[in-house]
Amino acid sequence: MTSRALREAFHREFMTFFERAERTRRWNVFTDIAWNRLAGSAQMADPRLVRCAETFCGVEMYLPDYLRAHLDLMRGDYGRAWFAANWGYEEAKHSLALREYLRRTGARDDGELHDYAETVLARSWRAPYGDGRRMTIYGAIQELTTFVIYRKQRRWAERLGDPVLPEIYRLIGRDEMAHARFYLRMVGLHWLMTRTAPAPTSRSCSAPSGCPQRTCCPTTRTESRSCAPPASTAGSSWPRSCCRCCER
Ligand SMILES: [Fe+2]
Ligand SMILES: [Fe+2]
C-alpha cells in the first residue's frame, strides 16, 4: 500500500492529466476519422496494412485483463483507480477504431471479426508483477513502446497511401504518448517519495523475532551489508542480511 502523501500526489497528477485530456485530446471513433474517404477510394486496403491493423486490434482487445490488473492493484488509491477508468475508456477506442477499419474497408466481415474477438479473448493476459511500483515502470515502458510502434505504422500507411489508417494511428499514438508521460510522472513520484521517506522506526522493524540484530535496527539504521553482528553472536551462523529491515 502506498503512503497517503503518495496517493495525494497521484491524485493531483491525475487531475492534471484528466483536465488536459478533456481539453485537448478527446476524439470520436465515428466522427473524427474520415471514413467517407473509403467509399471514394478505388483501391483495396493493402493486405500488409490489414494484417498489422488486425494484430494491433488484437493486442488492444486484452483490455479487460489489463483493466482488471490495474484496478485490483490500485483499488484503494483514488487517483490511480480513476486514471485506470479513464485509461480504459481511451484504450477501448483503440481497438474499436482498428476494428472499424477492418470492417469498413471490407478486409474482414462481421463473422470474421466476431471469431477473431472470441479467439483473442479465449486467452488471457496476466500482469507480470504484483505490486504497483513495478507495474508503473512496466506501464511506462509499454506505453512508450506502443507509441513508437504506432508512429512507425502511421508512416508506413502514409507511404502506401491508405486513406484513413494514418489518422487512426495518429490519434491512437497521441493517446499512448499521453499515457507514457503519465506513467513516467508516476515513476518520478515513487522515486521522490522513496528518497524523502522517513527512516524506519523500531515499530516498523520486521526482522525475525529471533534475530540477534533486531535491537540494532532502530538505532543504527545501517544497510545490511555494513551491519556488523553483535560480539555475542560472533561465530554464529545467523546471516548478516537478517537486518534487511534497516533498508526500508
Ligand atoms: Fe492502446
Ligand atoms: Fe495506452
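Student: At roughly what angle do the axes of helix H1 (residues 4–25) and helix H8 (residues 165–196) cross?
Tutor: This is a predicted model, in which local features need pLDDT of at least 70 and side-chain atom pairs count only at pLDDT 80 or more, while totals for chains, interfaces and linings use all residues. Residues are numbered from 1 along each chain as its sequence is written, and chains are lettered from A and ligands numbered from 1 in the order in which they are written. Helices (H or I, at least four residues) and strands (E, at least two) are DSSP runs, numbered from the N terminus, and axes are lines fitted to C-alpha atoms, for helices over the stretch in contact, with angles running from 0 to 180 degrees between N-to-C directions. The axes of H1 and H8 come within 10 Å, and they cross at roughly 160°.

Student: Are H1 and H8 roughly parallel or antiparallel?
Tutor: Angles under 35 degrees count as roughly parallel, over 145 as roughly antiparallel, 65 to 115 as roughly perpendicular and the rest as oblique. The crossing angle of H1 and H8 is roughly 160°, and that makes the pair roughly antiparallel.

Student: By class, which residues make up the contact of H1 with H8?
Tutor: Two residues are in contact if their C-beta atoms, placed from the backbone, lie within 7 Å. On the H1 side the residues include Ala5, Leu6 and Phe10, and they meet residues of H8 that include Arg174, Ala178 and Phe182. Ala, Val, Leu, Ile, Met, Phe, Trp, Tyr, Cys and Pro count as nonpolar, Asp, Glu, Lys and Arg as charged, and the others, Gly among them, as polar. Sorted in this way, the contact of H1 with H8 has eleven nonpolar, no polar and five charged residues.

Student: Which hand does the crossing of helix H7 (residues 132–159) and H8 have?
Tutor: The axes of H7 and H8 come within 8 Å and cross at roughly 160°, and these two helices are therefore roughly antiparallel to each other. A crossing is left-handed if the near helix is turned anticlockwise from the far one by less than a right angle, and right-handed if clockwise. While the crossing of H1 and H8 is right-handed, that of H7 and H8 is left-handed.

Student: How do H1 and H5 run relative to each other, roughly parallel or antiparallel?
Tutor: The axes of H1 and H5 are 7 Å apart, and the two helices pack at an angle of about 30°. That makes H1 and H5 roughly parallel.

Student: Is Thr136 buried or exposed?
Tutor: A residue is buried if 20 or more other C-beta atoms lie within 10 Å of its own, exposed if 12 or fewer, and partly exposed in between, with C-beta atoms placed from the backbone. Thr136, which is found in helix H7, is in contact with Tyr183, Met186, Val187 and His190 when neighbours within four places in sequence are left aside. Because 23 other C-beta atoms lie within 10 Å, Thr136 is buried.

Student: And how does Trp156 count, given its C-beta neighbours inside 10 Å?
Tutor: Trp156 is also found in helix H7, and its C-alpha atom is separated by 8.4 Å from that of Leu49, 107 residues apart along the chain. With 17 C-beta neighbours inside 10 Å, Trp156 counts as partly exposed.

Student: Why is Gly40 exposed?
Tutor: Gly40 is found in the loop between helix H2 (36–39) and helix H3 (47–60), and its C-alpha atom is separated by 9.4 Å from that of Pro163. Gly40 is exposed because the other C-beta atoms within 10 Å number 8.
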